[in-house]
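Subject: Structure for your review

Dear colleague,

Please find the structure below, together with its sequence. My notes on what was found in it follow.

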Amino acid sequence: MNKIEHIGIAVKDIQKANQLYEILLGVAAYKEEIVESEQVQTSFFKMGESKIELLQGLSTDDAITKFIEKRGEGIHHIAFDVQNIEQKMAALKAKGFRLLNEKPKPGADNKMIAFIHPKRTNGVLIELCQDRTTYEEES
Ligand code: CMX
């Protein structure tokens with residue numbers, strides 16, 4: 001893993017959360033994006049190398065809505081930047097980690113992403129992500 005790419009926070013009302021995090025972090029969101037395939041609305045904040053993603057569910061059964069129903073608002077995942085997502089997925093699978101998708105899928109902020117089930121990572125949902133541009137160059 002290269003670094004923590006971002007921390008994802010599940011929120012009920014992303015407009016209100018955007019205002020709050022803008023005050024808290026001292027910067028406005030640099031990007032707001034709907035990820036149709038995940039049925040989530042996202043916004044991204046950047047301070048130096050560190051990024052925070054806010055996520056609100058847009059349906060009744062997307063991952064964020066279900067997470068909030070069960071556990072309330074809060075940290076939803078930690079995302080790690082990786083050099084080659086397919087190689088990393090294969091290596092982690094071989095070591096017994098439970099990957100939630102077979103292939104990388106397009107995520108927010110120009111990334112290809114994959115998830116590891118939280119039950120195998122001490123209760124933390126882990127996201128792997130690779131910049132979509134470098135991913136497409138490689139494949
Ligand atoms: N962090 C930690 N634990 C979590 C979790 C999370 N984000 N989401 C669910 N869990 C826990 C549940 O509380 C539950 O625990 P208990 O068994 O103790 O009650 C357990 O995991 C449920 O596991 P499950 O029944 O196998 O799965 P769910 O239907 O609850 O779905 C998960 C959970 C992680 C498999 C699913 O949300 C998923 O596939 N996530 C990946 C995709 C995703 O999160 N997309 C949204 C973000 C997209 C983006 O970043 O752009």
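Helices (H or I, at least four residues) and strands (E, at least two) are DSSP runs, numbered from the N terminus. This is a predicted model, in which local features need pLDDT of at least 70, side-chain atom pairs count only at pLDDT 80 or more, and totals for chains, interfaces and linings use all residues. Residues are numbered from 1 along each chain as its sequence is written, and side-chain values use heavy atoms, with hydrogens and water left out.

I begin with the largest pocket. A pocket is an open set of points on a 1 Å grid over the protein atoms alone, where a 1.4 Å probe fits, with protein on both sides within 12 Å along at least five of seven lines; lining residues have an atom within 4 Å of a point. The space in the largest pocket is about 910 Å³, a volume being the space filled by probe spheres set on the points, which are joined across faces, edges and corners. Its lining consists of 34 residues, and A63, F67, H76, P118 and L125 lie nearest the centre. At least two lining residues come from each of β3 (40-47), β4 (50-57), α2 (63-71), β5 (74-81), β6 (105-107) and β7 (111-116). The most are given by α2, with 6 residues.

Two strands pair if DSSP finds at least two bridges between them. Strand β2 (residues 31-35) pairs with β3 in the antiparallel sense over 5 bridges, and I34 stands opposite Q41 in β3. The hairpin of β2 and β3 has 4 residues between the strands, and Q39 takes a positive phi near 55 degrees there. β3 and β4 also run antiparallel, joined by 8 bridges, and F45 stands opposite I52 in β4. In the hairpin of β3 and β4, 2 residues lie between the strands, and G48 has a positive phi near 60 degrees.

Finally, the nonpolar cores. A nonpolar core is a set of buried Ala, Val, Leu, Ile, Met, Phe, Trp, Tyr and Cys residues joined through side-chain atoms within 4.5 Å. The largest has 12 residues, including F80, V82, M112 and Y135. To this core α3 (85-94), β7 and β8 (126-131) each supply at least two residues. A second, separate core of 9 residues includes A10, F44, I68 and A108.

Yours sincerely

How values were computed: Buried < 20%, exposed > 50% of the residue type's maximum accessible area, 1.4 Å probe, protein only.
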